[in-house]
Amino acid sequence: MSTPRWLTTTEQRAWRAHLAVHKLLSHRLDRELQEFGLSLNDYEILVNLSESPGKRMRMSDLADATIQSRSRLSHQISRMEAAGLVAREDCADDRRGTFAVLTDEGWETMQRVAPHHVASVRDHFVDLLTDDQLEALERAYTPILEHLKSIR
């Protein structure tokens, strides 16, 4: 085993700031969504379905889009199904495939919750940064995102 390349002080501060921001922001957004009976994971699923053709996605594609295992997503969809937000439908052209479909209640929930969630994202993230900082953040995260997607 080779000698580890320890983080410099600057690298360590940047890494720890990233971890803290990610955890605190996710926690804050999740807490604010709980007022509507949703978790951040629920909301992400609703967003993906609402933006998909026919407000439906194959479960495997939805798992990939939300970066969840298929079994974890299946449990999540079961809870959301019980709440009336989504439904499962068999895939006509593939007996093994299943779709998650946004219900009317799920769509109404999205329309009601989205303005509050967007305001929270603005309050706790977007509006705290300048346009230049947002562009720099996107440029900084893009190669990391592409790398992590390529090794999934």
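A: Asp132 is found in helix H6, which covers residues 131-150 (helices are DSSP runs of H or I with at least four residues, strands are runs of E with at least two, and both are numbered from the N terminus). The model is a predicted one, in which local features need pLDDT of at least 70 and side-chain atom pairs count only at pLDDT 80 or more, while totals for chains, interfaces and linings use all residues. Residues are numbered from 1 along each chain as its sequence is written, and side-chain values use heavy atoms, with hydrogens and water left out.

Asp132 counts as exposed because its relative accessibility is 59% (exposed is over 50% relative accessible area, buried is under 20%, and partly exposed is in between, with a 1.4 Å probe and protein chains only). Together with Asp131, Glu135 and Glu138, Asp132 forms a negative surface patch. Such a patch joins like charges within 9 Å, or nonpolar side chains (Val, Leu, Ile, Met, Phe, Trp, Tyr) within 5 Å, from residues with over 30% relative accessible area and no salt bridge. Asp and Glu count as negative here, Lys and Arg as positive, and His and the chain ends are not counted.

Charged side chains elsewhere in the model are paired. Side chains of opposite charge can pair when their charged atoms come close. Across the whole structure, six salt bridges are found (a side-chain nitrogen of Lys or Arg within 4 Å of a carboxyl oxygen of Asp or Glu). One of them joins Arg56 and Glu89, with 2.6 Å from N to O. Arg56 belongs to strand S1 (residues 56-58) and Glu89 to strand S2 (residues 86-91), so this pair ties together parts that are 33 residues apart in sequence. Arg56 is partly exposed at 28% relative accessible area, and Glu89 is partly exposed at 33%.

Another salt bridge links Glu81 with Arg88 at 3.1 Å, N to O. Glu81 has 31% relative accessibility and therefore counts as partly exposed; Arg88, with a relative accessible area of 28%, is partly exposed. A further bridge brings Asp64 and Arg70 to 3.7 Å, N to O. Asp64 is partly exposed at 34%, and Arg70 is partly exposed at 48%. Asp64 and Arg70 also belong to a network of salt bridges that includes Arg152.

Glu11 is placed in helix H1, residues 9-34. A polar atom of the Glu11 side chain lies 2.8 Å from the backbone nitrogen of Thr8. Glu11 is partly exposed, at 39% relative accessible area. In helix H2 (residues 40-50) lies Asn48, whose side chain reaches the backbone oxygen of Glu44 at 2.9 Å. Asn48 counts as buried because its relative accessibility is 18%.

These parts belong to a protein with six helices and three strands, which follow the pattern α-α-β-α-α-β-β-α-α along the sequence. Of its 152 residues, 27% count as buried. Its C-alpha atoms fill a box of roughly 55 × 40 × 25 Å along the principal axes. Within the model, the C-alpha atoms of Glu11 and Gly54 are separated by 45 Å, the two residues being 43 residues apart along the chain.

Key:
Areas by Shrake-Rupley, 256 points an atom, 1.4 Å probe, with all protein chains shown as cover. Charge placed at Lys NZ, Arg CZ, Asp CG, Glu CD. Polar contact = N/O pair within 3.5 Å; in protein donor to acceptor, adjacent residues only side chain to side chain.
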